[in-house]
Amino acid sequence: MHVLANPARFQRFSARVQPWLAAATAALWLAGLYLALVGSPADYQQGETVRIMFVHVPAAWLAMGGYAFLAAMGASLLVWRHPLSALLARATAPVGAACALICLVSGSFWGRPMWGTWWVWDARLTSMLLLFFLYLGHMALARAFEDSERGDKASAVLALVGLVNLPVIKFSVDWWNTLHQPASVLKLDGPAIHPTILTPLLVMAAAYLALFALLTLIRTDVELARRRLETAAMAGA
């Protein structure tokens with residue numbers, strides 16, 4: 001990332017990458033949705049409800065991965081004062097929040113027929129809800145100060161503090177007796193689901209990742225433009 005520290009260099013890189021990333025995102029979403037809705041069989045226990053998992057699980061992965069990236073940008077800003085870190089963090093937070101919200105909503109739609117309820121204060125669900133609020137807190141704190149740098153530093157501290165929630169989400173199903181089922185893909189002894197379900201799940205995860213990266217690049221360009229306008233306004237005042 002140090003290579004892209006110069007804003008102009010980053011924008012040139014972003015302009016070159018975005019068309020290719022957009023094409024890859026569209027192709028992956030088309031392939032993923034086809035495999036998820038048409039190419040995969042219904043589950044012998046969950047029936048057609050299993051198709052919600054192709055939306056729910058990748059959203060959960062990207063919500064957690066996005067927050068880890070957010071915390072890394074916070075550390076980069078506080079320790080190395082990397083000029084792009086704050087902009088990338090501001091760009092990432094709404095995208096990550098959207099993934100967390102999709103995870104929570106799709107999980108409720110899956111839980112109603114499978115558990116008989118839209119919501120339970122289960123350790124996994126509650127920690128994911130906390131992750132969503134951490135994203136919202138980061139966005140609010142970053143914009144709570146007239147001085148953008150103070151907002152960037154305060155939100156960076158929040159991102160690092162909230163990092164402790166990620167292992168709670170991941171291992172909550174192992175640490176406590178929860179209603180949520182244990183991990184079936186990211187396991188040391190390998191995935192526990194059939195390849196006909198695993199393949200569309202991984203393609204959908206790649207589609208989510210490509211879209212996440214594309215939206216982050218676009219939003220970083222917007223943040224760069226906004227920061228330049230702020231600087232110009234202060235210089236003209």
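**Ground rules.** I worked with a predicted model, where local features need pLDDT of at least 70, side-chain atom pairs count only at pLDDT 80 or more, and totals for chains, interfaces and linings use all residues. Residues are numbered from 1 along each chain as its sequence is written, and side-chain values use heavy atoms, without hydrogens and water.

**Entry: the cavity.** I searched the whole structure and found one cavity of 30 Å³ or more. On a 1 Å grid over the protein atoms alone, a cavity is a set of points where a 1.4 Å probe fits but cannot get out, and lining residues have an atom within 4 Å of a point. The largest cavity has a volume of about 50 Å³ (the space filled by probe spheres set on the points, which are joined across faces, edges and corners). I counted 13 lining residues, and Ala 89, His 138, Asp 152, Ser 155 and Ala 156 are the closest to the centre. By class, I noted seven nonpolar, four polar and two charged residues in this lining (Ala, Val, Leu, Ile, Met, Phe, Trp, Tyr, Cys and Pro are nonpolar; Asp, Glu, Lys and Arg charged; the others, Gly among them, polar).

**Entry: the pocket.** Next I looked up the second largest pocket, with a volume of about 500 Å³ (a pocket is an open set with protein on both sides within 12 Å along at least five of seven lines). Its lining has 18 residues, and Ala 86, Ser 148, Glu 149, Asp 152 and Arg 227 lie nearest its centre. Here I noted seven nonpolar, three polar and eight charged residues.
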